[in-house]
Amino acid sequence: MAIETPRIRDTLHINMGPQHPSTHGVLRLELELDGEIVVSCKPIIGYLHTGIEKTFEAKTYLHGLTLTDRMDYLNPMGNNLAYCLSIEKLFECEITERATVGRVLLAELTRINSHLVFVGTAGLDLGASSVFLYCLREREKLQDLFEWLSGQRMMTSFIRPGGLASDFEPAWLLAVGAFLDEMPNRVDEYESLLTNNPLFKERMIGVGVLKADDAIAYGVTGPALRACGIPQDLRKTNPYLGYETYDFDAIVADAGDCYSRYKVRVAELRESVKIAKQALQRMPGGTVRTANRKVMPPPREELGTSMESLIHHFKLFTEGIRPPAGEAYVPVESPRGELGFYIVSDGSGKPVRVHERAPTFANVQAIPLMAEGGLVADLIAVIASMDPVMGEVDR
Amino acid sequence: MTVPAVSLAEALPHAVHGVSQDGIPYILVRPDQLVETVRQCRDDLDYIRWIDMTAVDELEVQPRFELQYMLYSMVDRRWLRLKTQTDGEPVPSIVSVFPGANWYEREVFDLFGITFEGHPNMTRLMMPDDWVGHPLRRDYPIGGEDVDFTVTRGVLGTGGGNELRG
């Protein structure tokens, strides 16, 4: 006799990651699947938690700078910049014209660097592997430029409290100019491979839609927010480093899907090239180090002739800089969104608290909103389009 | 970033008002006023965008922990810092007002040991689930835990919860 059992529609629980090529690091997603449909998606983070915010407590401010490179490792100079702006806010320290323009140039070069990785890996995740090689070809040139400038390819620590670590060589500026001149053609090349590619479009258009209200309530920032039709770019809304004097557009798309996020980032590549070129053209002369001796040590040649310089030099290298007591948060627009360091100082040489407002942290939290109800294969496109860097999520 | 201190003070008379060193206005409220104040900021004052939340542990000061929430007004294009203080007692959760606060409150619970009442999932975020202690507290030592090698497992056995794993 056959026993009739009611057919139960079972869901399947599956782990995606932490070691998965499409999770951009070590993001783990606990998925509940009904066939190919994602019923629920739970991001689990912490696999890259190295206690950077704790480590800051035992470091001087200058030592701490090297940690910021390692948070969002695709945007090292952007992190340096946000950290330095917060410290300079506490000091109320003026930085020189050349350092300001130089910082804009470096921030935009780093944005190009980061978006190149995005375009490459987004293609790679969806099966278009050749575009990855082309993007890394240009990224390699940028890394060479960074190495020439600072001695390091990625962890440059080049933007320092009070200005820049050293001045630009004229030949370096010329090499950057040559790189920027060829870049628009290269972007055309990537676009010819992806933007109108029917397979790429099918995987991206209408997939992983994020509503603007949700994005705002979840703190999603950067290209992911602008792809929902909200023109929120700190370079435009709350300009820093004189961004209001540069001619560029805040790129906005309106569909809120993966394809919009891709389009926003590709268009930002072109805008960054525009800004960097303007910065090169207007690069003023002078020094890149602030005259405020409480923030930056005096030049080497003064040490032999000025007692005061010698004392400043000694104090800075034995105790580090000492920002006045207080709290400061000065955010910048990183390639991934609003990035700022909340620094609390008690007036000593070591910070009481350094907290990074990491854009990816909020962006990853919103992944379930885009993934649930979609297909597993679409989840790959969603993660790729959010461009997460786990180093800054887990810190 | 100009600060119309009047309108904030008028709208929220129960709070302590001030401006931080970075020019961002702050308001300090008691924990029991927190949820209502956040709701007012969102609904009446247009601070609709969730930005950030964290805690600061000042060991010698009473109360010890200061929680600070950051909101952003899309209309006025400026930030607002909301503060509340606790000595380790639970604080009401604001996830019902800002869903984005979910992970931020879990992070503060994980690293500072402050519990949020009414949070849908008050579990650790960064550290392993069986970890003992809250690393970002000022009295939690740096380098206080043993490195977990196979050879030292069960031999040293004094780490901050490491011996519980595995």
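Contact here means heavy atoms within 4.5 Å. Keep that cut-off in your viewer for the whole tour.

**Before you click**

This is a predicted model, where local features need pLDDT of at least 70, side-chain atom pairs count only at pLDDT 80 or more, and totals for chains, interfaces and linings use all residues. Residues are numbered from 1 along each chain as its sequence is written, chains are lettered from A and ligands numbered from 1 in the order in which they are written, and side-chain values use heavy atoms, with hydrogens and water left out. The model scores ipTM 0.86 and pTM 0.88.

**Stop 1: Ser334(A)**

Select Ser334(A), in strand 7 (residues 332-334) of chain A. Helices (H or I, at least four residues) and strands (E, at least two) are DSSP runs, numbered from the N terminus. Ser334(A) is buried, at a relative accessible area of 2%; buried means under 20%, exposed over 50% and partly exposed in between, with a 1.4 Å probe and protein chains only. Leaving aside neighbours within four places in sequence, Ser334(A) touches Asn75(A), Arg111(A), Leu339(A) and Pro359(A).

**Stop 2: helices 4 and 6 of chain A**

Now show residues 97-125 and 170-194 of chain A, which are helix 4 and helix 6. Two packed helices are described by the angle between their axes and the distance between the axes. The axes of helix 4 of chain A and helix 6 of chain A come within 12 Å and cross at roughly 30°. Axes are lines fitted to C-alpha atoms, for helices over the stretch in contact, and angles run from 0 to 180 degrees between N-to-C directions. Helix 4 of chain A and helix 6 of chain A are therefore roughly parallel; the cut-offs are under 35 degrees for roughly parallel, over 145 for roughly antiparallel, 65 to 115 for roughly perpendicular, and oblique for the rest. Their crossing is left-handed, that is, the near helix is turned anticlockwise from the far one by less than a right angle (clockwise would be right-handed).

The contact of helix 4 with helix 6 of chain A divides into 13 nonpolar, 1 polar and 1 charged residues. Ala, Val, Leu, Ile, Met, Phe, Trp, Tyr, Cys and Pro count as nonpolar, Asp, Glu, Lys and Arg as charged, and the others, Gly among them, as polar.

While you're on helix 4 of chain A, click Thr121(A). Thr121(A) is buried at 13% relative accessible area, and beyond four places in sequence it is in contact with His24(A) and Phe132(A).

**Stop 3: bring in helix 5**

Which way does helix 5 of chain A run relative to helix 6 of chain A, parallel or antiparallel? Select residues 129-150 of chain A: the axes of helix 5 and helix 6 of chain A come within 10 Å and cross at roughly 170°. Helix 5 of chain A and helix 6 of chain A are therefore roughly antiparallel, and the crossing is left-handed. Among the contact residues are Tyr134(A), Leu142(A) and Trp148(A) from helix 5 of chain A, and Phe179(A), Arg186(A) and Tyr190(A) from helix 6 of chain A. By class, the contact of helix 5 with helix 6 of chain A has 16 nonpolar, no polar and 6 charged residues.

**Stop 4: loops of chain A**

Met154(A) sits in the loop between helix 5 and strand 4 (159-160) of chain A and is partly exposed, at 29%. Draw a distance to Met77(A): the two are 77 residues apart in sequence, yet 9.0 Å apart in space, C-alpha to C-alpha.

Glu92(A) counts as exposed at 66%. Leu241(A) also has a positive phi, near 55°, but counts as buried at 13%.

**Stop 5: chain B**

Switch to chain B, with 3 helices and 7 strands. Of its 166 residues, 48% count as buried. Zoom in on the peptide bond from Gln62(B) to Pro63(B), which is cis, with omega near -15°.

Finally, color by pLDDT, the predictor's confidence in each residue, from 0 to 100. Chain B averages 81, but residues 159-166 of chain B stay under 50. Where pLDDT is low, the predicted coordinates should not be read in detail.
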